[in-house]
Amino acid sequence: MRAHYQQIVKDTDGRIRKTFRLQNMDENSRFYGGVPEDNGIYQAKSTIYKTTALVAGYVNKDSAFSHNPDIMKRIKLALSYIEKCQHESGLFDYVTCNFNSAPDTAFCIKKLVPTLELLRTIRDGKASAYVAENIYEDVKEVHERIEKIVHNGAKGLLQGGFHTPNHRWAIASLLAYSGMLFNDSSLTKQADIYLNEGIDCNDDGEFSEKSAGNYNRVNNDAMIMLTESLGDEKYEAYALRNLKMMLTYFEPDDSVFTANSTRFDKDRLIFPKDYYLEYLKMGVKYNIPEFLDMANSIFKTVAEKGITSPDFLTQLMQRPDLIELEHEGCGYNKNYEVFYKESGILRRRRGDLSITVMNGKSNFLYVHTGSIKLEMKVGGSFCEHRAFKSETMTKNEDGSYSLHQTMRGWYYLPFEEKPETSDWWKMDNAHRPKKMGPDMNIDVTITEVENGVDVNVKTSGVEGAPWRIELAFGGIERIANEHMSMAVTGDEVLVLRDGMFTASNKFDQLTVGPAFGEHHFTEGKEDSEAKTPGAATVYFTDYTSFDHTIQIRNGNYGL
């Protein structure tokens, strides 16, 4: 993957130039030596990430900044800022939310560990041919300071404390790896306490947070690190399972499907560049050609989208075999159907058209053509419910998928005995008797057809409730039917009454319908969930009970 390496060197040089512009060089500033995040906030983590690129460029023989004395000055200033940020306990803050934070400390020292290992190999005379010669005396002080930061941080992790599932594995993996690096059994023993909980990766390969855009690969990194430090391949097996699943999570524009995430990456446009090293390392170690194909595909996407390559120069300098590997295959399977029952998600890909169905989500259907994205929701109000969220999702014998929800109606009744207080908020309302009913049933059946999908929506149990089908479009420029044609910017709201319509841009077109519009109730006091922000939204409306089938076709269908 020499071409990948060369691009990573070039982009590392670009990161260094950006750091030169951003680093605080005001000797009177409390942030002297620090490098801010994009939002202007200074903290240890952002400075650490930029410092590792500076070190990589300084020691790399092919970098434009190799042996550059100005970089060494910047590195030492950055380390001074980082040392000032590190508490006596060894812990760092993540100043926008977490203080004396073990997980954020784990993420900080995780970024420094490859740099520390690289500097050790230089010290020991074992550096690869991609490292500049006779450079250790220049970086000896940097090595010693980073070694101390990492070791102190690892000891700080003994205090523990975390918020989210992935934090456990960040902490455990750094404890275990640091135990190996520093020959410190107390660190390894503490890692075992976290690992005793068991890894939250289901049979589908999905971690608890379902964060395909970010935390899946963070967890994979932790699993790989655990295997490398403990010598137990059962941890890498979780990463392999997730990486295999991720091969079915790429959209026609080569971005990652993120709508299922429970974290910040939900619905964000994210390309999979940070999965590169995982696919490359695991592909080589376990001889999985599909993983190596994906590594090549990631760099193809980097080139086509004009984005920077992943920040892995430090790691590659320690793995010359990965640089010198040449693999011709590129891409991933673009024709498949997988139903991850435990995760509650169907992913179906037919070339440049993907269909995603999700259990328990109000936006239960996603259609992606490569440049157009469509989200479908069944919205309305029934007691505390504001949108359809299926309770069950099953695959039928004919290949269709059925989603079902029963919305339970209820009303409070008066207490049979006088309560101790007349203050409503102090009453034991959780144990107040209830009158149950009526119930509303919503059934959705999704059937694959040529070049698209049919979606049948059926409501029953309650008559006369104004509900609607919401079709939220991203990436379109025009909506048209036989009666009208209008340009859209992304915030329009339309109620269409009949016939088929097209949503299009200069590349793609979706044809949808037939429409129905029995009312215009799209907003109000008892409204359903808010519309998808930034989307041009078309509503089909009716009163319950109703039974409608909506056809969605990729291309010009029926017009």
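A nonpolar core is a set of buried Ala, Val, Leu, Ile, Met, Phe, Trp, Tyr and Cys residues joined through side-chain atoms within 4.5 Å. Buried means under 20% relative accessible area, exposed over 50%, partly exposed in between (1.4 Å probe, protein chains only).

This is a predicted model, where local features need pLDDT of at least 70 and side-chain atom pairs count only at pLDDT 80 or more, while totals for chains, interfaces and linings use all residues. Residues are numbered from 1 along each chain as its sequence is written, and side-chain values use heavy atoms, leaving out hydrogens and water.

**Core.** Select Val59, Ile75, Ile199, Met223, Met246, Tyr276 and Tyr279: these have the most contacts inside the largest nonpolar core, of 107 residues. Helices (H or I, at least four residues) and strands (E, at least two) are DSSP runs, numbered from the N terminus.

Apart from that core lies another, of 48 residues, including Ile372, Phe382, Leu496 and Ala515.

**Strands.** Go to strand β13 (residues 466–474): seven of its nine residues are buried. Strands pair if DSSP finds at least two bridges between them. Strand β7 (residues 373–382) runs antiparallel to β13, joined by seven bridges. Find Leu374 opposite Phe473 of β13. Now show strand β19 (residues 536–543), antiparallel to β13 over eight bridges. Here Leu471 has Val538 of β19 as its bridge partner.

**Ser186.** Finish in helix α7 (residues 185–195), which holds Ser186. Ser186 counts as partly exposed because its relative accessibility is 35%. Lys155 is 31 residues from Ser186 in sequence and 8.9 Å away in space, C-alpha to C-alpha.
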